[in-house]
Amino acid sequence: MEKNFFSSPQAEVSRLDSAPSTDGQLPLFEHRELLSGDYWRRIPGFSKVGSAEFQTHSFQQRATVTSVAQLRATLGGLASEAFFDDLADGIRNAPMALRISPHLLSLIDWEDPAEDPIRTQFLPLRSCQQPDHPMLQLDSLAERKDSPVPGLTHRYPDKALFLPVDTCPVYCRFCTRSYAVGAGTELVSEKLKLHANQARWEAAFTYIESHPGLEDIVISGGDSYNLRAEHLEAIGRRLLGIPHVRRIRFATKGLCVMPQKILSDVHWTDALTRVVELARRLHKSAVVHTHFNSPNEIVEATQRAMNLLVERGITVRCQTVLQRGVNSDAEVMQLLIKRLGYINIQPYYVYFHDLVPGVEDLRTSLADGLHVEKRVRGTTAGFHTPAFVVDTMGGGGKRDAHSFEYYDKENGIAVFTSPSVKPGERFLYFDPLESLGEAAQERWQIPSERRAMVGEAFEWRGEQFRGLEWRE
Ligand code: SF4
């Protein structure tokens, strides 16, 4: 049987699908229909909470749900006992602890939680989880390998990732940085500690100062939302004061999780604004990078928060993760991209899902993701069209998903190169086993066959296999 693979720039270049498609047309104005009103009152635990209280960060933080018992008490009879048992089992098999804001909890369709895209991301159900891919590694992007100082990853020539804090206002069950973020779980009990600590931060600043090639610093975590206002401002001022640092970005999922904070936590938003204004005066840039995955996460409260940031001239960009059952349908992704643009968030990246423990049910194949990309491109202006990227395993960095050197679709193995980051090395991405045929799935269960399949992927260029640990 002929092998089903694509390779470029070699001669055998194939297309993922060749027939012109007419599906995937989004109703023209659907992206403008934003949920408003007292949407939280359908949750028994919030039914008596008025708008003036619910729409504040203090209520959102106070009523954030962090245990199954608390969720049961909040939801009352909205979900069955079987659901809570399934959730408790799912959390035992998850790398992230439970943490979800009242805002997000209220956006879940509790008539059908199993299918809901917000439930899918934050409340793991054991019945939905699938066995991990055999090539999975914790910290699959090898961030720690490129970390000269705890909490600072320096991989790209002019950019570094600074992690001042290891907590977030929500815990996403699919977090790539589950090796460090949030409390330990039964699955990942020992996590790297990156608590807010000014001595550790200073070590990172000193490293940045001594590397004049660094022009771009991402302040992430964890989540910048969880930095105190004075810390956020001090970090921003310190970094902007380094002559060769030209751009800083505060990464936060907060706009999705708790948009209320932008309007009600005046100290935090004013601190952010002062940093952005300082950057402008220095002819540098300070922006916000955020993270929405479902169009259902964007409601009128999100638009109100964005309106304030727009008034203050703060640029916000979005980095989305492609997830099966959340946004892997082309129309849903189109709606998300259009809705982000409508409230003035620039869609920047769509990431193919990293290999993370306990979330194989969320990943898509490279082929399926490229199918979505094809339908997204053209729905809106080019500068609002995100790049679909694979953050390659082992530290090759982000690669345009189309730029694979080789793609063995039958066994679900893609090979990328990253000449500007790690010249001469090759990096792999693996499709989820469920997307493969029965024979390939069986091969992946046999260690010697795994080695042979990956070996085949490298063989096309006579390369030696390297960079991954085998789990046999
Ligand atoms: S907000 Fe970001 S860092 Fe925090 S858990 Fe979610 S994905 Fe991880």
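Predicted model: local features only at pLDDT ≥ 70, side-chain atom pairs only at ≥ 80, totals over all residues.
The largest cavity in this structure holds about 910 Å³ of space, where a cavity is a set of points, on a 1 Å grid over the protein atoms alone, at which a 1.4 Å probe fits but cannot get out, and a volume is the space filled by probe spheres set on the points, joined across faces, edges and corners. Residues are numbered from 1 along each chain as its sequence is written, and side-chain values use heavy atoms, with hydrogens and water left out.

By this rule there are four cavities of 30 Å³ or more. The largest cavity is lined by 39 residues, meaning those with an atom within 4 Å of a point, and the closest to its centre are Thr176, Arg177, Ser220, Gln319 and Tyr351. By class, that lining has 18 nonpolar, eleven polar and ten charged residues, with Ala, Val, Leu, Ile, Met, Phe, Trp, Tyr, Cys and Pro counted as nonpolar, Asp, Glu, Lys and Arg as charged, and the others, Gly among them, as polar. Among the strands (DSSP runs of E, at least two residues), S2 (152-156), S3 (159-162), S5 (247-251), S6 (285-290), S7 (316-321) and S8 (346-351) each supply at least two residues of the lining.

Turning to the helices, Ala330, Met333, Gln334 and Ile337 in H13 meet Val372, Arg375 and Val376 in H14, a contact being heavy atoms within 4.5 Å. By class, this contact has five nonpolar, one polar and one charged residues.

Note on methods:
Helix = DSSP H or I, 4+ residues; strand = E, 2+ residues; numbered from the N terminus. 1 Å grid on protein atoms, 1.4 Å probe; cavity = no way out; pocket = protein on both sides within 12 Å on 5 of 7 lines; lining within 4 Å.
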